[in-house]
Amino acid sequence: MSTEPETTQKAGPGSPDPEVDPATARDPQEGTPGGGRVPGDEAVTGGKAAEDAGRGDDAVPQGEAAEGAGAGAGAGAADSGAEADGSAETADGSAEADGSAETGSGRVFGAGAHDSGEGSEADVESAGRGAPEAGADDSAGGSGADAGEGSDAGSGSGADAGAEGAAGKMSEAEAELAAQRAERERIERRKAEKKGPIESGAKLSGRAADLLAAVRAVESGEKPAAAVFTPPEPEPAQRRAAPEPVRRPGPVTAEAAAVPAPPAPETVQAVRQVLAAGGAPESLALPVATALGEGAADRLRADPWQLLHIAGVRPEQADGFARALLGSESRPDDERRGRAFTVWLLEQAALAGHTSLEAPALTAALAQRGVPDADAALQSALAEGEALVFQDALEEPGAPAPTPEADGDEEETGEERPVRVLVGLERYALAEESLADGLARLINSAPGEHGPAEGWERAADAARGSAGELIRAVSGHGLVLHTGSEAARAEPARLLAGARALGLRAWAAAHSPLGRDGFTELLRATAAGEGAPDAERAPQAGGGPAGHAQAGQAGQAGGGVSGGAESHAVATVAGLLSGAEGPGRDADGALDLDLLVVLDAPQLDVETAALLVESLPDGARLVLSGDPAVLWSAGPGRVFADLLAARVCPHIASRLPDPGPLGELVSGIGVGELTQVAAPGKEVVIVPVRDAGEAVHRTVQLVADSVPRAIGVPAEQTVVITPGHGGAAGTRVLNAALKERLNPGPGRFGGFDPGDRIAYSPVPGRTLPGRVVTADAEGLHLSCSGVRVVIPRERVEASVRHGWALTAHQAVGGRWPAAVVVLPGDAAQALSRPWVYTAFSRAGRHLSVVHGVEQALPRAVAEVPARERTTRLPLLLAAQAAQAAQSQERAEA
């Protein structure tokens with residue numbers, strides 16, 4: 001069916017647009033004529049730097065440069081410090097840059113940057129042989145499709161910050177990272193205090209402490225017993241002052257966070273001189289001085305490859321810098337070079353989603369980078385503590401999980417278990433181990449007693465179905481997994497409502513403000529006894545500007561800056577951890593709650609998950625809920641998938657399907673089938689196109705005219721999703737065309753005008769849709785989910801871009817009444833089943849597919865699953881579970 005009311009012809013999952021010749025309308029499994037590029041695809045609107053910065057997997061070509069684990073993906077290594085939303089610059093790997101690599105505001109070492117694309121492919125291919133095809137579909141650092149544009153990718157990096165000078169103000173990203181560091185330090189101190197010896201009576205206070213002190217005074221002979229135990233003269237009764245109310249801790253501000261002081265001006269100047277001597281941009285002086293600390297100039301001169309610590313700098317550029325400084329002393333077999341390359345490859349693997357790499361894959365990637373003795377380079381990095389090595393015993397079929405006792409038995413019997421040698425960076429290794437310990441604490445400890453058991457049972461009986469099963473599982477377990485599609489969110493809503501009725505301090509946390517606002521509307525409907533809201537109502541709360549303002553204003557009353565209302569207790573994960581939203585923290589620094597339901601759980605990376613679990617108090621319950629078929633997190637790890645595979649806690653699979661033709665279509669994609677669905681209400685429409693130019697034209701026509709007229713969904717409640725930022729039909733070109741049609745203007749402030757839809761990225765991996773309100777000397781004023789945000793002028797280019805068109809990774813976590821998914825011919829290699837599932841499931845009422853990839857769409861759905869990521873969490877969880885089982889057996893014996 002079509003977006004035109006009178007059109008009834010069917011084609012594949014929908015029907016052709018009425019303005020398309022019916023003779024050209026084809027079933028999506030038959031395909032359409034191939035797409036191509038159109039002139040002008042290099043057009044870039046304001047906010048280009050934020051578009052370039054990708055850490056996700058939206059446009060990662062299958063089988064090309066992004067295949068491997070070792071190099072991130074293609075030239076996207078330069079994306080390391082930028083927005084982790086998603087995808088490559090061009091879906092066909094074409095270059096849009098002018099032959100030079102840029103990091104921040106300066107170009108690095110001339111045209112050598114574009115040579116990096118080939119070397120990067122070699123790295124990745126060799127690493128991919130050790131870790132199965134990792135990093136392509138879930139690349140968080142750009143992709144092979146990004147290969148030609150490593151230059152722009154660094155624009156969101158520390159180099160960009162350096163170009164702006166040593167500003168005294170801290171960015172929101174730095175403040176959030178600082179808050180996370182402070183929270184991690186507090187957790188470590190708390191652990192150390194618990195493990196340390198406790199002096200007798202140290203925990204006493206008040207009258208008990210006074211009595212203990214008196215007894216000790218008598219025992220030591222300091223005071224006679226009569227003097228100590230003589231009751232004091234009664235004091236006249238006094239009126240007791242009213243106690244101060246307990247106030248919830250406020251959000252952590254940049255000023256309050258403990259962050260390193262900016263480097264001294266003389267340090268920056270000394271670094272600038274070293275950079276100039278090596279031919280590197282002087283704009284890197286501030287980030288280099290910040291990263292290397294005191295004596296940065298001397299350290300950089302002694303080891304020029306330290307330049308690789310700066311986001312956006314590539315190995316061949318560091319080699320050129322070293323040759324300029326060291327001359328003939330710069331050799332390929334230099335130990336400093338080998339160590340720096342090892343760390344750089346591990347960082348690129350993290351951007352591609354891996355928490356560690358198999359040692360053979362890493363040494364192969366080092367060899368591809370021209371390191372003569374890769375094994376020696378790896379050993380040197382390990383000896384210097386720049387990387388960590390792990391030997392994890394592999395499970396054989398039918399064999400029990402490895403435990404410390406089993407390791408001792410091996411030594412006695414002489415039998416050896418097969419092991420997997422992994423190498424990783426310390427920060428991700430510690431995060432995985434901390435996460436495994438925290439999850440084990442939740443799994444093995446009994447949840448707190450909150451209400452009688454019959455109260456939980458009554459709530460489960462009232463909910464019925466899989467919602468009742470979820471409530472029963474949560475009543476007796478500290479950790480529960482819940483899976484289901486969009487309609488299944490009604491079950492966590494019933495759980496939250498039932499828990500609060502039992503007196504629990506229950507909260508929910510979503511990945512994005514759109515998900516938070518939509519779930520708040522669902523809770524309101526549940527509390528009112530209306531059940532789940534229809535497909536249109538919930539997305540409007542989080543998709544359109546009116547819904548943003550309404551939900552955001554309602555939430556400010558009790559949920560922090562932009563949190564859910566206190567009566568519904570919904571926040572974002574980032575807001576919960578920073579203190580800007582949620583219940584605040586108790587005296588021990590733990591979250592002040594009894595039950596936490598995390599929505600969009602597949603978007604949890606390992607570091608965020610570790611912080612979240614460590615922040616839960618003893619006896620709390622945690623529910624991780626999400627759709628396992630969507631794209632994985634932009635950051636390293638695949639926490640939700642690893643937990644599902646480990647089977648260490650109850651897992652409730654929802655039996656509530658998404659309704660209507662859209663639900664039928666998306667459900668089929670989830671199991672690898674692209675089926676034709678009947679859509680009498682024009683829920684699904686296929687618009688065949690011949691090339692990218694026609695794809696852009698049809699997209700603008702659908703958003704501005706056809707969908708509002710035939711479906712009744714205005715343009716501001718329609719989202720456009722495409723595989724990449726670059727290319728002839730990427731987000732740049734689409735946003736430029738949509739702005740010209742929907743909100744034309746001169747773009748006086750960095751390419752933006754009041755009323756523009758934007759995508760704001762405060763930190764890598766988070767995208768907040770919003771609108772431009774105004775601009776003045778303070779910066780660009782935005783409205784994101786009803787909250788006013790001011791972006792300083794110097795940060796606009798790096799963190800704000802137009803937002804009519806998004807990548808799938810940017811759109812995950814939100815839904816809109818209507819979605820237009822654009823599949824130009826040059827994006828065929830970027831498609832995978834999780835990408836198609838995520839893009840198509842963003843639509844609440846209507847989906848239009850601008851289809852130009854012929855057979856690539858059904859082939860991707862049937863044959864291209866999610867790429868694997870190398871993580872240690874499954875083995876850590878298995879070992880924890882085995883130890884817990886053995887402890888229980890000993891206790892029973």
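**An exposed loop site and its setting**

Modeller: Pro262 is found in the loop between helix H6 (225–229) and helix H7 (265–277); helices (H or I, at least four residues) and strands (E, at least two) are DSSP runs, numbered from the N terminus. The model is predicted, so local features need pLDDT of at least 70 and side-chain atom pairs count only at pLDDT 80 or more, whereas totals for chains, interfaces and linings use all residues. Residues are numbered from 1 along each chain as its sequence is written, and side-chain values use heavy atoms, with hydrogens and water left out.

Pro262 counts as exposed because its relative accessibility is 61%; exposed means over 50% relative accessible area, buried under 20%, and partly exposed in between, with a 1.4 Å probe and protein chains only. Its C-alpha atom is separated by 8.7 Å from that of Leu286, 24 residues apart along the chain.

Arg647 is another exposed site, at a relative accessible area of 74%. Its place is in the loop between helix H24 (639–646) and strand E11 (651–653). Arg647 also has a positive phi of about 55°, although it is not a glycine. Most residues other than glycine have a negative phi. Asp600 has a positive phi as well, near 55°. That residue lies in the loop between strand E9 (595–598) and H23, but it counts as buried because its relative accessibility is 12%.

Ser615 is buried, with a relative accessible area of 0%. A polar atom of its side chain lies 2.7 Å from the backbone oxygen of Leu611. Not counting residues up to four places away in sequence, Ser615 touches Glu183, Ile187, Leu577, Arg585, Ala590 and Leu591, where contact means heavy atoms within 4.5 Å.

Leu596 and Leu624 have the most contacts inside the largest nonpolar core, which has 82 residues. Such a core is a set of buried Ala, Val, Leu, Ile, Met, Phe, Trp, Tyr and Cys residues joined through side-chain atoms within 4.5 Å. Helix H11 (residues 335–351) supplies the largest share of this core, eight residues. Apart from it lies another core, of 37 residues, among them Val666, Ala819, Tyr837 and Ala839. Leaving aside neighbours within four places in sequence, Leu596 is in contact with residues including Trp507, Ala509, Leu576, Leu612 and Arg621.

Ala350 is found in helix H11. It counts as buried because its relative accessibility is 3%. Beyond residues up to four places away in sequence, Ala350 touches Tyr428 and Pro636. The C-alpha atoms of Ala350 and Gly635 are separated by 7.3 Å, although these residues are 285 apart along the chain.

Two further buried positions involve strands. Val787 is found in strand E17 (residues 787–791) and counts as buried at 12% relative accessibility. Its C-alpha atom and that of Gly770, 17 residues apart along the chain, are separated by 9.2 Å. Gly803 lies in the loop between strand E18 (800–802) and strand E19 (805–806), and its relative accessibility of 4% makes it buried. With neighbours within four places in sequence left aside, Gly803 is in contact with Asn735, Arg757, Ile758 and Ala759. Between Gly803 and Leu738, 65 residues apart along the chain, the C-alpha separation is 9.7 Å.

As for the whole chain, the protein has 32 helices and 21 strands. Buried residues make up 58% of its 893 residues. Among contacts with a separation of 6 or more, residues 24 or more positions apart account for 78%. The protein exposes about 35000 Å², of which carbon and sulfur atoms supply 50%; accessible areas come from the Shrake-Rupley method with a 1.4 Å probe, and for residues only the protein chains shown count as cover.

How values were computed:
Polar contact = N/O pair within 3.5 Å; in protein donor to acceptor, adjacent residues only side chain to side chain.
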